[in-house]
Amino acid sequence: MNYVDSKLKVVGTRPVRPDGVEKVTGRAQFGADMRVAGMIWGKVLRSPHAHARILSIDTSKAEKLPGVKAVVTSKDFPHIANEEAFVGEGPMNFRDLSRNCLAWDKALYEGHAVAAVAATSQSICDEALRLIDVKYEVLPHVIDVEDAMQPDAPVLHDDLFTSGVKPAPDKPSNIAKKLTFQKGDIEAGFKQADVVVEGYYTTKPVHQGYIEPHACVCSYNADGQVNIWSSSQGHFMVRAYCAKLLGIDISNIRATALEIGGGFGGKTLVYLEPVAIALSKKAGRPVKMQMTREEVFRASGPTSGSTISVKFGAKKDGTIVAAQQVLKYQAGAFPGSPIGPGCMCGFAMYDIPNIDVVGYDVVSNRPKVAAYRAPGAPMSSFAVESALDDLARKLGKDPIELREQNGAHDGTKTHYGPTHQNIGFLATLKAAKQHPHYKSALKPGQGRGVACGFWFNIGGESSAGCHIAEDGTVVATSGNPDIGGSRASIGMMVAEVLGVPAEKVRTIIPDTSSIGFSFLTGGSRVTFATGMAATQAAERTVEELKKRAAMIWEISPEAVEWKDGKAYPAGSNAGAFEPLDLAALAMKAGRTGGPIGAEVSINAQGAGPGFGCHICDVEVDHETGGVKILRYTAVQDVGRAIHPSYVEGQVQGGAAQGIGWALNEEYIYDANGKMDNAGFLDYRCPVASDLPMIEAVLVEVPNPRHPFGARGVGEVPIVPPMAAVGNAIRDATGLRLTDLPMSPPHVRAALDAAAPKMAAE
Amino acid sequence: MPKVVISGSACERFTHGKTELQVTATTFRRLVRELDEKFPGLGKQVEEGMAIAIDGEIFQDAYGASFGEDSEVVLIPKIGGG
């Protein structure tokens with residue numbers, strides 16, 4: 001059933017968040033809070049070198065240390081063949097995943113795990129790690145993506161040959177893959193152009209910056225059954241990856257999702273869980289592992305650094321006739337950067353007849369990248385949206401009007417093939433243009449920037465349930481860890497269908513042995529896909545409730561109507577009966593057929609893409625190079641906001657992360673390839689005092705393929721900020737900054753470099 | 001016969017550069033089998049690494065996704081997210 005045009009009582013309201021009390025009182029159980037009886041500790045020994053051959057690992061001294069219960073290296077893991085499978089947030093090569101959890105023959109980045117110990121205390125673990133003797137042959141390393149592509153660059157993998165090029169290379173290199181996307185005739189397009197703009201942009205790798213480090217407790221029981229308690233973006237993902245890496249039957253692993261303190265894509269992989277299971281198997285005790293913040297930075301996936309060249313050609317009237325991009329993304333130590341979506345997203349918002357995009361996936365001696373909100377899109381759009389701003393200036397056009405003139409609409413064919421349907425980009429632009437922020441005056445020295453963003457959004461396999469408790473209250477179940485408020489949104493959709501207040505529905509996340517499979521929590525899919533499953537479960541439950549009422553009244557189920565949480569006779573012909581509410585029907589459930597409820601497992605399709613437009617005002621301190629965000633407005637088509645406060649929070653959070661990416665965040669390496677700023681003091685995420693209140697403006701163009709019209713929300717808002725900030729700086733200073741981050745030293749250097757020219761003018 | 005467009009360059013090694021194919025299939029499952037018969041290895045590549053966009057709507061891992069003679073059918077890289 002579709003409720004898009006229905007008058008809704010729960011969906012669209014703002015009930016108190018169901019996880020709020022536990023979190024604000026500090027009682028919520030996150031990964032690091034978990035303890036079980038008999039538990040011991042595990043820690044990881046990490047490579048001090050950016051690139052080194054592991055000649056030998058001698059663990060004998062560590063094993064003899066009193067209190068040490070187990071030591072593992074990659075030799076304790078099964079050998080896995082080099083084969084790519086698409087089972088997670090991107091193409092997954094389980095051989096590489098295994099090598100990332102514990103290095104095989106080479107350490108490929110500083111912080112790469114090479115061995116692990118389990119002991120009765122953390123201090124004994126530390127001492128044992130010092131006793132492990134690893135002999136390395138240090139190799140030349142390479143960090144930067146352009147450097148890694150040079151013919152004389154140190155090669156990370158002897159068996160990596162570039163795919164997607166002709167002729168096929170006969171020598172290995174660091175370029176894993178070349179991708180191309182084309183539409184129309186790029187050369188003919190540029191020949192039609194009256195105006196051309198182009199630029200070369202660079203972005204640094206940045207971390208997802210989740211506040212909760214990776215943590216888990218794993219127990220390998222004597223009978224071969226395994227329990228995992230961890231904080232992740234998918235306990236089914238954790239179960240499947242551990243099973244694959246360790247050769248365990250999936251049915252023998254039970255994974256429980258704990259509260260998660262942020263993921264943003266960075267917890268769609270496993271790092272500690274397989275190691276903890278291997279340690280537990282050897283030790284015969286449950287093993288707890290948790291990363292330090294430093295380990296999170298050095299050894300878990302940031303997103304790619306990149307270089308991107310972009311070129312636009314347009315007619316004098318503003319019609320864009322050609323667009324070209326070359327993108328080079330760091331994948332980290334193993335192939336698999338988000339180059340595909342990077343190639344697809346930059347121009348997806350525009351109706352351009354001739355497009356040519358080339359992308360490269362490049363390995364280098366850095367941690368293997370993990371997904372990060374709208375993986376690949378923010379870097380691509382930083383370049384595209386900055387160049388579009390230059391184009392608007394060159395044409396003398398308003399930047400939003402230029403985007404409206406060329407904006408994608410229903411029927412626009414994208415350069416990656418599909419034709420957009422039911423999209424809200426133009427509605428989003430209109431809302432941005434009409435917002436008071438866009439019309440407000442700026443003071444001298446201030447600047448305003450606009451930029452847009454796109455993400456596909458996804459559906460996928462999801463399981464959810466709806467169960468009527470004995471007293472008529474409702475338990476909803478979801479197969480997905482709740483990262484951004486899905487317990488609230490799923491409970492609200494169930495409440496809406498059942499016709500009861502949101503507070504009457506409690507949503508929980510069962511373990512992997514207690515609910516059907518769900519793909520992980522990522523891609524902004526849970527409220528869409530798992531919410532669709534929950535809605536169907538609630539609808540089946542309503543049908544069952546009607547049958548039970550019919551049995552009590554001894555009439556046909558078709559003669560029963562469900563309204564406002566009660567069964568009514570459907571008209572006078574059905575008979576005169578007092579309505580039966582959930583409590584009344586639950587009380588008689590045993591007599592009418594047993595417990596009432598349903599679980600639904602689906603593979604949800606029809607996720608509607610999302611579009612955003614951000615407006616940013618800045619002031620630049622010419623003395624320090626510091627950029628102050630004065631006002632920030634994020635407009636986004638969200639389809640239908642199930643719980644608007646959470647949706648606004650997603651938009652605000654994505655914008656805040658994007659502003660950090662724009663202004664401060666970067667991995668800084670020394671000459672030996674070691675990260676110099678592996679902590680929040682030196683890796684500068686924005687804090688509350690750095691930002692104004694970010695205003696989220698929700699545009700609602702319903703997705704017709706979701707029962708309530710929902711679209712994914714969490715990816716899009718991180719896409720526009722880098723260009724929005726850069727365009728604002730351009731407006732304030734006259735300088736186009738093309739390298740991220742636009743941190744005070746970089747801004748100051750650019751101002752200094754431009755000073756003589758500006759003085760001459 | 002429906003026309004299928006393969007987006008990007010990931011499948012060119014199987015199709016010898018062809019990016020547009022006429023097929024008899026009318027479902028994703030049948031398409032996977034037909035492509036594998038014509039270009040050995042392509043079926044697995046499409047099944048595991050590609051999504052199918054039918055008239056603008058993206059389907060992932062959906063054997064039952066169906067299309068007709070006039071449908072716009074595009075195979076695109078599978079989409080994840082963060």
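In strand 23 of chain A, A:Ala567 is the bridge partner of A:Trp562. The model that contains this pair is predicted: local features need pLDDT of at least 70, side-chain atom pairs count only at pLDDT 80 or more, and totals for chains, interfaces and linings use all residues. Residues are numbered from 1 along each chain as its sequence is written, while chains are lettered from A and ligands numbered from 1 in the order in which they are written. Helices (H or I, at least four residues) and strands (E, at least two) are DSSP runs, numbered from the N terminus.

- Strand 22 (residues 560-563) and strand 23 (residues 566-569) of chain A run antiparallel and are joined by four bridges; two strands pair if DSSP finds at least two bridges between them.
- The hairpin of strand 22 of chain A and strand 23 of chain A has two residues between the strands, and A:Asp564 takes a positive phi near 50 degrees there.
- Strand 23 of chain A also pairs with strand 24 (residues 580-581) of chain A, in the antiparallel sense and over two bridges.
- In strand 24 of chain A, A:Leu580 stands opposite A:Ala567.

**Overall form of chain A**

- Chain A has 21 helices and 28 strands.
- The C-alpha trace of chain A spans about 90 × 75 × 50 Å along its principal axes.
- The radius of gyration of chain A is 27 Å, which agrees with the value near 27 Å for a compact globule of 761 residues; the radius is taken over C-alpha atoms, and the globule rule is 2.2 Å times the number of residues to the power 0.38.
- Of the 761 residues in chain A, 57% are buried; a residue is buried if 20 or more other C-beta atoms, placed from the backbone, lie within 10 Å of its own, exposed if 12 or fewer, and partly exposed in between.
- Among contacts in chain A with a separation of 6 or more, 79% are between residues 24 or more positions apart; two residues are in contact if their C-beta atoms, placed from the backbone, lie within 7 Å.

**Domains of chain A**

- The domain assignment of chain A gives domain 1 (20-27 + 459-604), domain 2 (34-139 + 212-261 + 267-299) and domain 3 (306-457 + 608-760); such bounds come from an automatic or database domain assignment.
- The C-alpha centres of domain 1 and domain 2 of chain A are 39 Å apart.
- Contacts between these two domains involve twelve residues of domain 1 of chain A and 15 residues of domain 2 of chain A.
- On the domain 1 side of this boundary, five residues are nonpolar, six polar and one charged; Ala, Val, Leu, Ile, Met, Phe, Trp, Tyr, Cys and Pro count as nonpolar, Asp, Glu, Lys and Arg as charged, and the others, Gly among them, as polar.

**Nonpolar core and selected residues of chain A**

- The largest nonpolar core has 257 residues, and A:Val117, A:Cys242, A:Val275, A:Leu279, A:Val494, A:Ala534 and A:Val725 touch the most other members; a nonpolar core is a set of buried Ala, Val, Leu, Ile, Met, Phe, Trp, Tyr and Cys residues joined through C-beta atoms within 7 Å.
- Helix 16 (residues 526-553) of chain A supplies the largest share of this core, eleven residues.
- Beyond its neighbours within four places in sequence, A:Leu279 is in contact with A:Gly42, A:Ala70, A:Val72, A:Ala116, A:Ala118 and A:Val287.
- A:Gly479 belongs to the loop between strand 20 (474-478) and helix 15 (486-498) of chain A, and A:Gly479 is buried because 31 other C-beta atoms lie within 10 Å.
- A:Ala750, in helix 21 (residues 744-760) of chain A, counts as partly exposed because it has 19 C-beta neighbours inside 10 Å.
- Leaving out residues up to four places away in sequence, A:Ala750 touches A:Leu735 and A:Leu737.

**Chain B and its contact with chain A**

- At the interface, 35 residues of chain A are in contact with 25 residues of chain B.
- Strand 9 of chain A gives the most to the side of chain A that touches chain B, with three residues.
- That side of chain A has 15 nonpolar, 16 polar and four charged residues.
- Strand 1 of chain B runs antiparallel to strand 2 (residues 20-22) of chain B, with three bridges, and B:Lys3 stands opposite B:Gln22.
- Strand 1 of chain B pairs with strand 5 (residues 73-77) of chain B in the parallel sense over three bridges, and B:Val74 is the bridge partner of B:Val5.
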